[in-house]
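Subject: Structure for your review

Dear colleague,

I am passing on the structure we discussed, and my notes on it follow below. Please read them with the coordinates open beside you.

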Amino acid sequence: DGFPATRLFNQGYSYTYDDVIFLPHYIDFPTDAVSLSTKLSRRVALAIPCVSSPMDTVTESSMATAMASLGVSIRFSFVRRRVLLRSLHFRYRVREPEVEIFRFCDKEARVSEYMTKSSITPPTSYSFEDVAGYLAKDYSEFVPLARDNGEGVGEIVNLVTSEDVERIKGFPKLGLSSLAPEGSFLVGAAVGTRESDKERLEHLVKARINVVVLDSSQGNSIYQIEMIKHVKNKYPELDVIGGNVVTAYQAQNLIQTGVDGLRVGMGSGSICTTQEVCAVGRGQATAVYKVASIAAASSVPVIADGGISNSGHIVKALTLGASTVMMGSFLAGSNEAPGIYEYQGGRRVKKYRGMGSLEAMTKGSDSRYLGDTAKLKIAQGVVGAVADKGSVLKFIPYTMQAVKQGFQDLGASSLQSANDLLQSGVLRLEVRTGAAQVEGGIHGLVSYEKKSF
Ligand code: XMP
């Protein structure tokens, strides 16, 4: 009944997640027996198979800390705002003062012109519990954190508000978190392949990132191959993720150069126009299956990047061989995404833009699209808005539970067993016709309320 994956994906069609459907298998374990633990790259293990996309309307400090408490977060890397997320549970030093607090102030102004004197100035090394304790004891709304600037003068490096403390307290217990061996949250950073990116990487390595992602829409290039060699040479302890790729040929080149992980997807993202503008890309289900099949032979984990809009898409990506999914639009409407909510047609929305949109490229993301040397920038993405989704701390655990149920229906208690069932031909698929897709969605109702949690 149905088709084995080898047959379905070798007919010359490019399938998206919605095009295909798994046939249910046999259940002999409860949902909670399903383990979603996985690997982001060869040496980076994660508790859940989700990462946030390195996009400037998706991942900044707030998203990075929230996702790190759930899994891992790959942050868009500007050196000035480099990753300061380590040891969040132990040391509170999340936000960068220049960006968050003094942004609107005269650079020459003295702190005393803006703030009243306080007897409480805990240094940055104070623990989260101590800072929370200070705030509670003093009934203060915020407390500045200072460090000695080496000349005996306290330099303010951060400001912790009672709201921050409440937010951090809402993080899930460490059981869900993906931690580095020394107990701090895992953190990744995305860089390009220019000379200046090598300098950025040096700072990021000093800030002790766990993994670097080479951010390019077409990763099979001489630039990326040289950058992989550079990283492998200079930082042998650091895992490097290459991409993006969508074919076995592209993947093979990067695997041979020594990548520790591959990011898969071209033009499947919700804000992408690459397939229309450049006539290249691939349906994401086919791309993930093809690349993962090749990468598995070299034990290189695959990230299914883009095109995820529901938990079913995550089940499909993981079963087709991805070890993790990377999400932009799925996370962009959350409280933790950068930016403020606005109202559009009575709906609360947040801005979400492609890194290949003209707006983002003007802000420096053009190297991802190799547009930095061109005088005329060609847009490969759009600027849009997504609906308010609440906190990732609520909807990601909910989504993970739904993914576990999907795995249970497939008779797979882990990512590896799902992919094994697929590769061995035990698990079967079919292509859904247009009508079958309509039938598989909500239909025939005059109105409905889609409330999940
Ligand atoms: P989703 O579907 O999760 O996709 O919103 C996020 C992924 O899309 C890629 N990306 C782009 N692709 N033009 C593109 O062709 C763009 O402007 C663009 N911006 C992001 C990227 O891989 C991201 O993770």
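Is D305 buried or exposed? D305 is buried, with a relative accessible area of 10%, where buried means under 20% relative accessible area, exposed over 50%, and partly exposed in between, using a 1.4 Å probe and protein chains only.

Before the rest, some words on provenance. This is a predicted model, in which local features need pLDDT of at least 70 and side-chain atom pairs count only at pLDDT 80 or more, while totals for chains, interfaces and linings use all residues. Residues are numbered from 1 along each chain as its sequence is written, and side-chain values use heavy atoms, with hydrogens and water left out.

Overall picture

The protein contains 17 helices and 17 strands, taken as DSSP runs (H or I of at least four residues for helices, E of at least two for strands) and numbered from the N terminus. Of its 453 residues, 50% count as buried. Among the contacts (heavy atoms within 4.5 Å) with a separation of 6 or more, 66% are between residues 24 or more positions apart. The protein exposes about 21400 Å², of which carbon and sulfur atoms supply 51%, the areas coming from the Shrake-Rupley method with a 1.4 Å probe and, for residues, only the protein chains shown counting as cover.

Salt bridges

A search of the whole structure gives 12 salt bridges, each being a side-chain nitrogen of Lys or Arg within 4 Å of a carboxyl oxygen of Asp or Glu. D305 takes part in one of them, with R263, at 2.9 Å from N to O; this pair links distant parts of the chain, since R263 is in strand β11 and D305 in strand β12 (residues 302-305), 42 residues apart. R263 is likewise buried, at a relative accessible area of 2%.

R43 and D239 also meet in a salt bridge, at 2.5 Å from N to O, and here R43 sits in the loop between β2 (38-41) and β3 (44-46), whereas D239 belongs to strand β10 (residues 239-245), 196 residues apart. R43 counts as partly exposed at 45% relative accessibility, but D239 counts as buried at 1%.

For D260 and K232 the N to O distance is 2.8 Å; D260 lies in the loop between α9 (248-257) and β11 (261-264) and K232 in helix α8 (residues 222-234), so the pair ties together parts that are 28 residues apart in sequence. Finally, D56, K351, R353 and E359 are linked in a network of salt bridges.

Helix α11 (residues 284-297) has 14 residues and reaches 20 Å from its first C-alpha to its last, close to the 20 Å expected at 1.5 Å a residue, the expected span being 1.5 Å times one less than the number of residues. Because 10 of its 14 residues are buried, α11 is largely enclosed by the rest of the structure.

One of those buried residues, Y289, forms a stacked aromatic pair with F9, at 4.7 Å centre to centre and 20° between the planes. Rings of Phe, Tyr and Trp (its six-membered ring) pair if their centres lie within 6.5 Å, with planes under 30 degrees apart counting as stacked, over 60 as edge-to-face and the rest as tilted. F9, Y13, Y15 and Y289 form one aromatic cluster.

With kind regards
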